[in-house]
Amino acid sequence: MKKLAMKKLWLGAMMAAVAPWALGAPVATAASQTVAFGTQESHAALQALPRFRFENFTTANGLPDNHVYAVLVDGDRIWAGTENGLAVYENHAWKTYTTADGLAHRAVLSLALDKRTGDVWAGTMGGLSRISGGRIDSYTQLTSGLSNDVVYGVSVEGENVWVATAAGGCRLNTRTGQWTLYNERNTPMVEIWTYGVSATPTKVYYAVWGSGILEYDQKTGRWDKYEDPDGENEIVLFKDQGLIHEITTSVSYVDNILWVATYFGDSRYDGRYWHNFLTKDSGLPSNFTNFVKGVDATRAWFGTDKGLAYYDGANWAVYTPSLKDGKPEMTVRDAQGNVTPVAVTTAPAHNYILGIDLQGDDIWVATAKGLSHGIRQQQ
Amino acid sequence: MSERIRTRWCVEFAVLSAALLTFALWPVVNHPVRADESDMQDYASPLEVLSSPDGARLYVLCQQSEEVRVLDAASHAVLKNIAVGRVPRGFSLSAAGDRLFVANSWDDTISVIDTQTLTVTATWPVGAEPSSVVTDRAGKWLFVANRISNDVAVLNAQTGSEERRLLAGRGASYLAISPDGSRIYATHVYPNPARVRSNLENRTAPESEITVIDAERAVVVERIPLHAIAGVFHLAFSADGRLGVAAALHPKNLVPLAHLEHGAAFADTLLLFGADVGQPVEVPLDELERYASRPFGVAIAPDKSRIYVTSSGSEMVTVLDVPRLMHFIHARPHAQPVSFARDLAASANYVVERIAVGHDPRGVALASDGSRLFVANRLEDTISVIDTRDLRVASTIALAGPKTISPLRHGEQTFYTSRYGFQGQIGCASCHIDSTFDAVTWDLEPDGFGRDIVDNKSLEDLRGTEPFKWNGANPNIPTECGPRTEKYFWRSENYDNATLADLAVYVRSLPLRPNRWRLPNHELTPAQERGKDLFERAQDKFGVPIPERNRCSYCHSGPKGTSQKSFDVGTRKPTDNTGLLDTPHLTNIALSAPYLHDGSARTLEEIWTVYNPEDKHGRTNDLTKDELNDLIEYLRTR
């Protein structure tokens, strides 16, 4: 064990020596936060980070349920996966699809858009549903090759629909109808509780709860695995040594950058170096992260249990109703760790964030108590 | 000549005549079981017809001779025969008329024909069983309806590269573009899977749709729901785009088929949609004791005065007066989609003529001025030319081909006509669409409401799969097609021996469609190979020997996957008279959902995930989900 620890120490030192994060790259590394007003850095951060006016939707204004698990932007339409149906917002009105319409289950956990066809895929607590031109076709573990009815994640790439379920991943080829299952028998997956999936033409990533990140190479058909080098230890021995934690919840692969959310912090991986984000050394409001959406190689949004967080590669912004009194809050943390409160009048519907999608400059946020539309404001 | 010589000569002549007659009739009375290959290929079998934009040419799609015949529209002389792919099913012209696209349903290709040179300039691969093709006005996209893959493929109209597949109705088959070019409309011949399971499992009315595609963006923007419809064929639009029509079958499968009075098996209908009618309307083409069986091709006069519909089983064209039809509809205001399918008095309000044409009339085309209607008589090798002013057949264009009717051809005509059905209501092809199946479960026999529900099996490659009927009661095709059909279905005229023999010849000759799940080299994918091992295994996963009768490969043995014996696989319902069921063949099993004798399994998976709790239908409950998927992947190759 001592030898292993030494090896980790050495590797950590080496990584720290060569990692771009250690060379002044625009990544926040400050270990402490200070509330500061008027510094040059904080002023720049304030200017750089987006501000929104949040309009919130609840059952009071048309949403079928306040528990919103997922949100999807589809052009001018917004899809919201709620605990009580799939709602679509179009022309300023909500319409809800239920099991009576063919939805696999009333609780919709995940959403994905096939940009080529316009079809929407919904992962539910009772199977996978395809919404196409108003028609819903559902796939369950009894009626199809779907591995399990609890579908936490779904992602569309080309003619394949990739699915994350409570019993492994699977892939539906929409052209042939063939299902291929991925589990502990044919992948390096230890646990089979897959929480999220992000599919691209080159790679497919699964966030496996308790088993890190699984990577599928579309060209070779081979699987690889990324785990927390500290194993099940809750202590991070060396910063940025690898994936922050085994219990991954969400994954987003964009511009060849892997963004990972876990219940114990978040990670960014560029194919060579890892960079981890914890509350103690970043602007994350909480290490308990439900969702991550990468914008590009440097920017990402994080949905935590203590608010919505944005990282622009250097600075952080957090948007949330106050955990103390529920009043709208926005805070900005610059690369030096200076935290600046920003006066705002609106905030997401709730601090517990479950899903995020972008609509141009606007943002849509699924929360535990409603769906929020963040309308970008000029600064 | 002496009396003796005369007598001897007469005797010899009589004997010789009898011998010649016997020889001539030998194939008929002795129930020939194998059709001559050449016999199958001599006929043209025109399925569709098109008029060129300038009206100078007729293009005739000949399904059996697998060619497009180009005729001079005035003289009817053949300008050229252009060979295309296997079993072509649909074709259309580009907006400019310079290219003709042909959907080859067994090749899974599109033939592109240059209409200047009348040559095939390209052959493009598409999805499974392409059945119709249409291009947008701009010539950007080519839309192809694929019957087996249940989708509409979107191809680059210049290069043929496939850009995407759009989910369509099950058995997507016919396409039409709206007059303004903004929308593509797609129909399908098999009902969509039931979205929500009812308490009665397999006893749900079929649901279909018209899929509406944005022609520019090439995405589905709407699905017009069609309740209680199973089988929608050609569509047409009025020139102003305000009225759309589609030919449809409306099965009445939820009640016992105990009698056929008053159209008890099917309503043959026309679906109307668009601004002229508001919510969709279904109107019957039938009238009391006169039925318009199996509507297929449709056209609307350029001045929107009339609608023409071919009735393939009734061998006629039904003519509807549009103003009278609109009056009928608007006199019955409706805020929701409405059907008058059960009203056999309705058609008297708007049907103005029924024009007899040839065997199995299918596609139609109007001359650009609307003065003539061309009707492709598939099983007569003719084109009827109807003068639309006086609504009579002005002439009949005979396509080159055999002038005699072979037993096989006669059998096919018998299969596709409804003339033997009670009052001409139904024929074999009413349920066996294009000689396959209809994906509908039926309550066939007069044994009480809801008893012995049966799924409609496909007819492909039946030789060696006897007996027939789910309880195995019919030992051969003549019994299946003869007394059974006559008793339970037709309740009318029976076949004479020769006709029955020819029908049996035809049914036995029905070929096997290409299997789309097999690799071109006939090898199996790793998943299929694993599934094959499971299919053939003799031990379960715990090493316990599986009794022979409980192995997949025991009951589903032989090249067609049937031991031709009956077994109780634990699927008997309280409403079934017996649990002992004939082992169905596995030929192209992937295509013919639903499954089990009563269609209660909506998918192959459900056979084992829902309906095999005691492992009576093979030992499967030891399998993991991925192993079951492998087994199904193998079954799809059968």
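Is B:Glu66 buried or exposed? B:Glu66 counts as buried, because it has 21 C-beta neighbours inside 10 Å; the cut-offs are 20 or more other C-beta atoms within 10 Å of its own for buried, 12 or fewer for exposed, and partly exposed in between, with C-beta atoms placed from the backbone.

## What you're looking at

This is a predicted model, where local features need pLDDT of at least 70, side-chain atom pairs count only at pLDDT 80 or more, and totals for chains, interfaces and linings use all residues. Residues are numbered from 1 along each chain as its sequence is written, while chains are lettered from A and ligands numbered from 1 in the order in which they are written.

## Chain B overall

Chain B has 11 helices and 33 strands. Both are DSSP runs numbered from the N terminus: H or I over at least four residues for helices, E over at least two for strands. The C-alpha trace of chain B spans about 90 × 75 × 50 Å along its principal axes. A compact globule of 638 residues would have a radius of gyration near 26 Å, and chain B agrees, with 26 Å. That radius is taken over C-alpha atoms, and the globule rule is 2.2 Å times the number of residues to the power 0.38.

Of the 638 residues in chain B, 51% are buried. Take the contacts in chain B with a separation of 6 or more: residues 24 or more positions apart account for 55% of them. A contact here is a pair of residues whose C-beta atoms, placed from the backbone, lie within 7 Å.

## A four-strand sheet

One piece of chain B to pick out is an open sheet of four strands, in the order β13-β14-β15-β16, with antiparallel pairing. Strands pair if DSSP finds at least two bridges between them. β13 (172-177) and β16 (219-227) of chain B are the edge strands, each pairing on one side only. On average, neighbouring strands of this sheet are turned by 25 degrees against each other, direction ignored.

Zoom in on β13(B) and its partner β14 (residues 183-188) of chain B: the two run antiparallel over five bridges. B:Ile177 has B:Ile184, in β14(B), as its bridge partner.

## Two crossing helices

Helix α8 (residues 526-536) and helix α11 (residues 625-635) of chain B have axes that come within 7 Å and cross at roughly 95 degrees. The axes are lines fitted to C-alpha atoms, for helices over the stretch in contact, with angles from 0 to 180 degrees between N-to-C directions. α8(B) and α11(B) are therefore roughly perpendicular to each other. Angles of 65 to 115 degrees get that label; under 35 is roughly parallel, over 145 roughly antiparallel, and the rest oblique.

On the α8(B) side, the contact residues include B:Arg530, B:Leu534 and B:Phe535, and among those on α11(B) are B:Leu631, B:Ile632 and B:Tyr634. By class, this contact has six nonpolar, two polar and five charged residues. Nonpolar covers Ala, Val, Leu, Ile, Met, Phe, Trp, Tyr, Cys and Pro, charged covers Asp, Glu, Lys and Arg, and the others, Gly among them, are polar.

## Loops worth a look

Back to B:Glu66: its loop runs between β2 (57-62) and β3 (67-72) of chain B. B:Glu66 isn't a glycine, yet has a positive phi of about 55 degrees. B:Glu289 also has a positive phi, near 65 degrees, in a residue other than glycine. B:Glu289 sits in the loop between β20 (278-284) and β21 (295-300) of chain B, and counts as partly exposed because it has 13 C-beta neighbours inside 10 Å.

Now for the cis peptide bonds. One joins B:Glu466 and B:Pro467, with omega about 0 degrees, and B:Pro467 is in the loop between β31 (453-455) and α6 (477-490) of chain B. Another joins B:Ala593 and B:Pro594, with omega about 5 degrees; B:Pro594 lies in the loop between β33 and α10 (604-609) of chain B.

B:Ala265, in the loop between β18 (244-251) and β19 (266-274) of chain B, is buried, with 23 other C-beta atoms within 10 Å. Beyond its neighbours within four places in sequence, B:Ala265 has contacts including B:Leu257, B:Leu260 and B:Ile426.

## Where the chains meet

Chain A and chain B each put 24 residues into their contact. On the side of chain A that touches chain B, β10 (135-139) and β14 (179-182) of chain A each supply at least two residues. The residues of that side divide into five nonpolar, 14 polar and five charged.

Technical notes
Two residues are in contact if their C-beta atoms, placed from the backbone, lie within 7 Å.
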